[in-house]
Structures are given as C-alpha cells and as structure tokens.
Amino acid sequence: MKRIVSIASLLICFLWAGSSTVFAQDAKSLWTTLSKVTFKKQYDEMLGFKVDVPIFSPEIKALEGKSVEIRGYIIPVEGYRGQKEFVFSAFPYNMCFFCGGAGPESVMEVVSKESIKYTTEAITIKGKLDLNASDINRLMYGLKDAELVKGAK
C-alpha cells in the first residue's frame, strides 16, 4: 500500500511541477504555443458577413495576463523610429502576416513602457500577454507593458 501511495504522490508532484512551468517558456518557442489556435466562422452583425473568430487552446489561455518573453521582429506602424506601439512578428518584415507569408497567429500588437528602437534584427521583449477573440479591428494577440530584453537599444 505504501508503494502505491508513493507512486501516486510522485505522479501528483510531477504533474504539479509540469503545470507550474507552463509560463517559463523559451522566447523562441512561445510562437509555437501561440500557433495552437483554431478558428470558427461566426456571423458579424456590423459587417454583415461571417468572420474567423479565434478559439484559443487551453495552453494559450493559461498564458493570458502572464508575463512572457518572446523573440521576433518589429513591424513598424509609423515610420522607422523608436516607438511605444508596434506590431511584433515571428518573421522578418518581408515574410510577415501582412505580406502574405504567415498566419494571424504569427503577429501581435505591442504597447511598451518605453520607446523601442526599430531594427531589422530579431529582438526579445517581455510583457503581459493579452488575448483578443472579439474585436476584429485588433490582432488576436497583444503584449502590454512590454520591455526590451535583448536586442537594439
């Protein structure tokens, strides 16, 4: 009986430890997690036609509001200077979602604490992940209170 209890205790500890590390993701692999989204067609009253609405996986939902690090590329929305609001992409500018080279799960809106200088090189930023499944005028992922971790200063 003691052995069964020990095995059960070990299993519970293993599962608990695994669940607590869901937020300690590698900055590169977060895009892989964010790609675990599906879409359903839903009629939009304002537009008068069906739109794709994201259905976030439990793994993605677990990250909502949590501080995460992510590595990617700045897609400027207003010129090529430092900015506090920009789009962040898993891919360089010429391969990003807006150029038709990737899906909507590969970009996010960023609002940073301080201006981050534009660069064509990959950078790492961190901030609180925001999920959006209702406002079709915004991207489905956002990063609030973002800060530069590694890259151009």
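Guide: A strand here is a DSSP run of E, at least two residues long, numbered from the N terminus. Glutamine 83 is found in strand 4, residues 83-89. Keep in mind that this is a predicted model.

Visitor: What makes glutamine 83 buried or exposed?

Guide: Its relative accessible area is 8%. Buried means under 20%. Glutamine 83 is therefore buried.

Visitor: Which residues is glutamine 83 in contact with, leaving aside neighbours within four places in sequence?

Guide: Pro76, Val77 and Glu78 are among them.

Visitor: How many aromatic pairs does the structure hold?

Guide: It holds 3. One of them joins phenylalanine 56 and tyrosine 141.

Visitor: Why is the pair of phenylalanine 56 and tyrosine 141 called tilted?

Guide: The centres are 5.7 Å apart, and pairing requires them within 6.5 Å. The planes stand at 45°. Under 30 degrees would be stacked, over 60 edge-to-face. The rest count as tilted, so that label applies here.

Visitor: What does this pair tie together?

Guide: Phenylalanine 56 lies in strand 2 (residues 49-56) and tyrosine 141 in strand 7 (residues 141-150), so the pair ties together parts 85 residues apart in sequence. Both residues are buried.

Visitor: What makes the pair of phenylalanine 86 and phenylalanine 88 stacked, tilted or edge-to-face?

Guide: Their ring centres are 6.3 Å apart, with planes at 65°. That angle is over 60, so the pair is edge-to-face. Phenylalanine 86 and phenylalanine 88 are both buried. Together with Trp31, they form one aromatic cluster.

How values were computed
Residues are numbered from 1 along each chain as its sequence is written. This is a predicted model: local features need pLDDT of at least 70, side-chain atom pairs count only at pLDDT 80 or more; totals for chains, interfaces and linings use all residues. Side-chain values use heavy atoms; hydrogens and water are left out. Rings of Phe, Tyr and Trp (its six-membered ring) pair if their centres lie within 6.5 Å; planes under 30 degrees apart count as stacked, over 60 as edge-to-face and the rest as tilted. Helices (H or I, at least four residues) and strands (E, at least two) are DSSP runs, numbered from the N terminus. Buried means under 20% relative accessible area, exposed over 50%, partly exposed in between (1.4 Å probe, protein chains only). Contact means heavy atoms within 4.5 Å.
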